[in-house]
Amino acid sequence: MAIAGRELRLGLRNRWVLAAVGLLLVLALALHALGTLPAGAVEATAFRVAVVSLASLGVYLLPLLGVMLGHDAFVGERERGTLALLLAAPVGRAALVAGKLLGHAAVLGLAIALGFGGAALVIAFGGDGGAAWAGGAAYLRMMLGSWLLGLVFVALGYLVSIGTRERTTAGAIAIGVWLLLVVIYDLALIGVALAGGGEWLDASLFAWLVALNPTDAYRLLTLAGDAEVARVAGLLGVTSDLALPQGAELGVLFAWLLAPLALVAILLGRYEP
């Protein structure tokens, strides 16, 4: 908990984190304002329209915030000379990783609570009575899914940090990981599918290749889990069409979170500060 508190304080003093929180809030409110007219046109509640808009924002911004928090976790300590002190302290390597993750999870949670939560208050109290809260469960699921997605990229940032010796190198690789999983992966997958004319990838394999990407798993979890949200997003029935097991999206996200953390704990045991 001491390590977690330290990471939380460092995160709250980070100007990039503060800028990301402010940007998240501003963009969330702007997307809600732009989405109020379509909400009436498609007869969907404001919360459900907001889920579609904010999930499209979160899938880019939250992974970027996650890798920015995580890439400095160990290589930055090494450059400042504090990693040797931490490793010499009477604390286990797994506890060190867990403490950093708890601190960064709190930073991400605060960013999402202020950004998406602020937009939720505007939506709820700007509507008419109890009807304004319709779709609130889908919105809450989107917030929790966004938090989990951010943690996945924090863990990937840790893996980059433990494997590099300079902060600039770690930052460049972290941005590369973000680009690969958020932008390039889907484009490459679609390109392969189109190039093969449907012969290279059958429907089942394509479905699993989509779901195995954490950002796509996040989209399926937040956009296809509610029928009205899926209708607004144009994804109605997509989970049945992909023939994925129930809960596969959540399992993929947890696998992407736990696997890098396990590797970091193993590598930290061999780490030479």
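Start by selecting helix 3 and helix 8 (residues 167-195): they pack at an angle of about 155 degrees, with their axes 10 Å apart. Keep in mind as you click around that this is a predicted model. Angles over 145 degrees count as roughly antiparallel, so helix 3 and helix 8 are roughly antiparallel to each other. Turn the view and you'll find that helix 3 passes helix 8 in a right-handed crossing.

Now show the side chains where these two touch. On helix 3, pick Val59, Tyr60, Pro63, Leu64, Val67 and Met68; on helix 8, pick Ala174, Ile175, Trp178, Val182 and Val183. What classes of residue make up the contact of helix 3 with helix 8? Colour them by class and see: there are 11 nonpolar residues, no polar ones and no charged ones.

**Next stop: helix 9**

To see the contact, select Tyr185, Leu189 and Ala193 on helix 8, then Phe206, Leu209 and Val210 on helix 9. The contact of helix 8 with helix 9 has 6 nonpolar residues, with no polar and no charged ones.

**Over to helices 7 and 10**

Hide those and bring up helix 7 (residues 136-162) with helix 10 (residues 214-223). Their packing angle is about 170 degrees and their axes lie 10 Å apart, so helix 7 and helix 10 are roughly antiparallel to each other. From helix 7, the contact uses Arg141, Met142, Gly145, Ser146, Leu149, Val152 and Phe153. From helix 10, it uses Pro214, Thr215, Tyr218, Leu221 and Thr222. Try the class colours again: this contact has 7 nonpolar, 4 polar and 1 charged residues.

**Last stop: the largest pocket**

The largest pocket has a volume of about 410 Å³. Which residues lie nearest its centre? Select Asn14, Met68, Leu69, Asp72 and Arg167, which are among the 16 residues lining the largest pocket. You've already met Met68, in the contact of helix 3 with helix 8.

Helix 1 (2-13), helix 3 (46-70), helix 4 (75-80) and helix 6 (93-125) each give two or more residues to the lining. The largest share, 4 residues, comes from helix 1.

Terms used
Residues are numbered from 1 along each chain as its sequence is written. This is a predicted model: local features need pLDDT of at least 70, side-chain atom pairs count only at pLDDT 80 or more; totals for chains, interfaces and linings use all residues. Side-chain values use heavy atoms; hydrogens and water are left out. On a 1 Å grid over the protein atoms alone, a cavity is a set of points where a 1.4 Å probe fits but cannot get out, and a pocket is an open set with protein on both sides within 12 Å along at least five of seven lines; lining residues have an atom within 4 Å of a point. Grid points are joined across faces, edges and corners, and a volume is the space filled by probe spheres set on the points. Axes are lines fitted to C-alpha atoms, for helices over the stretch in contact, and angles run from 0 to 180 degrees between N-to-C directions. Angles under 35 degrees count as roughly parallel, over 145 as roughly antiparallel, 65 to 115 as roughly perpendicular and the rest as oblique. A crossing is left-handed if the near helix is turned anticlockwise from the far one by less than a right angle, and right-handed if clockwise. Contact means heavy atoms within 4.5 Å. Ala, Val, Leu, Ile, Met, Phe, Trp, Tyr, Cys and Pro count as nonpolar, Asp, Glu, Lys and Arg as charged, and the others, Gly among them, as polar.
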